[in-house]
Amino acid sequence: MAAAPAKVIAPTSKALVMEAPMLGVVDAVEAIPSPQRFQGLGRVLWILGPLAGVGLGLYYGTILDGVGSTVAKGVFLVSAILLWLRYELRSFRFHADGHPGDDPRRRSELVVRVLRRLRVDLAPGAPIRLRLRPHPRDKGPGSSTFPLTFKKKAPPDQLDPWLQLETRLRDGAHLRLTAVERRRVKVSKVGPNGPRRRTKIKEYDTLFLEARLRVKAKRHPQLATLSEDRAREAVRLPPGAKLHRLRIRGEHLRLRIQLDESWRPVIPKDAPAAPDASRAVTMMLLSLYQMLHLARTPEAPRAQQKPPHRREKSRRRARSR
């Protein structure tokens, strides 16, 4: 099956939705174009235009008479309304220099690396169903832009479910991998109590990766008896990854981890420390299969330590005296 072109990205959701073999999916993801370079210039002009209209309208409205003064006042009024709408829509933003979200290929490269690592484990000719939003929303989770707002209360969290990947593995298990980024705003008061106490606003992003494995109950009949505490012993995660949720229900295994906003698709050896997302996905799958192995292995009985004999206690007391 030929690779799907990059134009399959929906204009409304801005997501790549396709179903194809692994090579076709990899080619389509690699062919996704980067965001437009001059997209930020239009936003700057959208702000500077009304500002210039306000200044020119105010200036010429005072020095001109008659029709010229009326036109200048009209320009001033329209520009002021546009600025007010701009603020109400919360379009003023702050760009964080050096933020990992500046990398336009961060999400796409993660998908490509995960698929290449799964190449050996995929069933021959198994299709891959993919839904990928390759670029974060402006001022949304995972982006390097933040809205400049002044709030006294923390707004609700913003969620961006940008990845859903489903396929069948070689052993017949069904794999579903999802990624959701969350932007949370914390509002706190800094300084001593009083009128000079200022409000501190902090925004940070978190990436949640979840792997769901559905196996055949006939092959793993002991999975239903696996306790959650014993399954946690099989979880192995790379540095920077934290276990968020673990669920075992019947023939379904569900493992969710979280990474901070500095995550990268891959971390070279000489690069600074940061969460490696592709390695985290690989270790999640290894942990799930280790749980299946534990379910087939009976739990070894724990040796009970016998309490010391009374005579031994008396001898220890005598020695201490």
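Reader: What is the relative accessible area of Glu109?

Author: Glu109 has a relative accessible area of 28%, which makes it partly exposed. Buried means under 20%, exposed means over 50%, and partly exposed lies in between, with a 1.4 Å probe and protein chains only. This is a predicted model, so local features need pLDDT of at least 70 and side-chain atom pairs count only at pLDDT 80 or more, while totals for chains, interfaces and linings use all residues. Residues are numbered from 1 along each chain as its sequence is written, and side-chain values use heavy atoms, leaving out hydrogens and water.

Reader: Which residue forms a salt bridge with Glu109?

Author: First the idea. Side chains of opposite charge can pair when their charged atoms come close. The cut-off: a side-chain nitrogen of Lys or Arg within 4 Å of a carboxyl oxygen of Asp or Glu. Here, Arg113 forms a salt bridge with Glu109, and their closest N and O atoms are 3.2 Å apart. Arg113 is partly exposed too, at 32% relative accessible area.

Reader: How many residues apart are Arg113 and Glu109 in helix 4?

Author: An α-helix has 3.6 residues a turn, so residues three or four places apart point the same way. Arg113 and Glu109 are four residues apart in helix 4, which means about one helical turn between them. Helices (H or I, at least four residues) and strands (E, at least two) are DSSP runs, numbered from the N terminus. The protein has seven helices and nine strands.

Reader: How many salt bridges does a search of the whole structure find?

Author: The search finds 17. Take Arg129 with Glu166: the closest N and O atoms are 3.5 Å apart. Arg129 lies in strand 3 and Glu166 in strand 5, so this pair ties together parts 37 residues apart in sequence. Arg129 is partly exposed at 33% relative accessible area. Glu166, at 16%, counts as buried.

Reader: What other salt bridge does Glu166 form?

Author: Glu166 pairs with Arg176, the closest N and O atoms being 3.7 Å apart. Arg176 sits in strand 6 (residues 174-190) and Glu166 in strand 5, so parts 10 residues apart in sequence are tied together. Arg176 counts as partly exposed, at 27% relative accessibility. There is also a network: salt bridges that share partners join Arg106, Arg107, Arg133, Arg137, Asp160 and Glu181.

Reader: Back to helix 4. At roughly how many degrees do the axes of helix 4 and helix 6 cross?

Author: Two packed helices are described by the angle between their axes and the distance between the axes. The axes of helix 4 (residues 106-117) and helix 6 (residues 277-296) cross at roughly 35 degrees and come within 9 Å. Axes are lines fitted to C-alpha atoms, for helices over the stretch in contact, with angles from 0 to 180 degrees between N-to-C directions.

Reader: Which residues meet there?

Author: From helix 4: Leu110, Arg113, Val114 and Arg117. From helix 6: Ala277, Ser278, Arg279, Val281 and Thr282. Contact means heavy atoms within 4.5 Å.

Reader: Is Leu110 buried or exposed?

Author: Leu110 is buried, with a relative accessible area of 2%. Leaving aside neighbours within four places in sequence, Leu110 is in contact with Trp162, Trp263, Pro265, Ala277 and Ser278. Leu110 and Arg279 are 169 residues apart in sequence, but 9.8 Å apart in space, C-alpha to C-alpha.

Reader: How many aromatic pairs does a search of the whole structure find?

Author: A pair of aromatic rings is described by the distance of the centres and the angle of the planes. The search finds one pair. The ring centres of Trp162 and Trp263 are 6.2 Å apart and the planes are at 5 degrees, so the pair is stacked. Trp162 is in strand 5 (residues 158-168), and Trp263 is in the loop between strand 9 (252-260) and helix 6, 101 residues apart. Rings of Phe, Tyr and Trp (its six-membered ring) pair with centres within 6.5 Å; planes under 30 degrees apart are stacked, over 60 edge-to-face, the rest tilted. Both Trp162 and Trp263 are buried.

Reader: What share of the 321 residues counts as buried?

Author: The share is 36%. In helix 1 (residues 22-30), the buried residues include Met22, Val25 and Val29. Their cover includes strand 1 (16-20), helix 4 and strand 3 (128-132).
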